[in-house]
Amino acid sequence: MNRNHAFWGVVPAAGVGKRMGADIPKQYLPVLGKPVLQHTLERLLSVEALSAVVVALGKEDGFWPDLPFANHPRILVADGGKERADSVLSALNRLEGIAKADDWVLVHDAARLCITRADVLKLINILEHDPVGGILALPSSDTLKGVSDGIIVDTVNRNHVWRALTPQMFRYGALKEALTTAAELGLTVTDEASALELKGQTPRIVEGRPDNIKITRPEDLALAAFYLEQQCCE
Ligand code: C5P
């Protein structure tokens, strides 16, 4: 399909995954015989619309060369940073002179290996003519409580609360500017949408699949294996 703007993937993969308690970073733990990051990148590369995917890697990362992407024509690498947002910004800088300001960037966590091609295409199709962009998200099925010092101080109306997933899709120029401003102001942003929100923008949400989980704790590995096997039968 002819499109006005290119689409680029960005995968922050420079975290250490402290909550996993493993001795290798969580993006390299095996699921169904393959490292998490390999699953994630294979899924993203199956989306032909993505011209290339930039992977932000930790400086001490000795595992990447064992993955089959070293000479892949649609994979670029960048140095990761201290926080997730620093890794994303570094990957965006790698696209300097390659991506145009109005091109789309889809930022996707390395640790979300169950992302489906269908969900990426849904995000692209719904947002590609939007001025700002948006994110995959899920309505909350639990009642959410505001808590302070172990005491409930508030009950959040769950009709107004969604869980932010990835990919998060924004214009290259706007995203870079928003993350740069957040960094200059010393503000911590844990996803791309919050950086855009700080700029007064109003990102949209697109309902994603509940199996797009992020590997965070050891038990998530078995759950991811289950979802990947289920998806193969769809
Ligand atoms: O730790 P968390 O699960 O929130 O990390 C989300 C994603 O951001 C992971 O894919 C992780 O590798 C990445 N990350 C990064 N650079 C950091 C911290 C996290 O690329 N400094």
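A residue is taken as near a molecule or strand if one of its heavy atoms lies within 4 Å of it. The structure is a predicted model, in which local features need pLDDT of at least 70, side-chain atom pairs count only at pLDDT 80 or more, and totals for chains, interfaces and linings use all residues. Residues are numbered from 1 along each chain as its sequence is written, and side-chain values use heavy atoms, with hydrogens and water left out.

The ligand is surrounded by 15 residues, of which Pro12, Ala14, Lys26, Lys82 and Ser87 are the closest. This shell comprises five nonpolar, three polar and seven charged residues (Ala, Val, Leu, Ile, Met, Phe, Trp, Tyr, Cys and Pro count as nonpolar, Asp, Glu, Lys and Arg as charged, and the others, Gly among them, as polar). Strand β1 (7–13) and helix α2 (84–94) each contribute at least two residues to the shell; helices (H or I, at least four residues) and strands (E, at least two) are DSSP runs, numbered from the N terminus.

A polar backbone atom of Ala110 is 3.0 Å from an oxygen atom of the ligand, and a polar backbone atom of Ala13 is 3.2 Å from a ligand oxygen. For Glu83, a backbone N or O atom lies 3.5 Å from a nitrogen atom of the ligand. The ligand taken alone exposes 470 Å², and the protein buries 85% of that area, as computed by the Shrake-Rupley method with a 1.4 Å probe.

Ten salt bridges are present in the structure, each defined as a side-chain nitrogen of Lys or Arg within 4 Å of a carboxyl oxygen of Asp or Glu. One of them joins the side chains of Glu48 and Arg117, with an N to O distance of 2.9 Å. This pair links distant parts of the chain, 69 residues apart: Glu48 belongs to the loop between α1 (36–45) and β4 (50–57), and Arg117 to helix α3 (residues 117–127).

Two backbone features were also identified. Thr166 and Pro167 are joined by a cis peptide bond with omega of about 5 degrees, and Pro167 is found in strand β10 (residues 162–171). Leu32, although not a glycine, has a positive phi of about 50 degrees and is found in the loop between β2 (30–31) and β3 (34–35).

Notes:
Polar contact = N/O pair within 3.5 Å; in protein donor to acceptor, adjacent residues only side chain to side chain.
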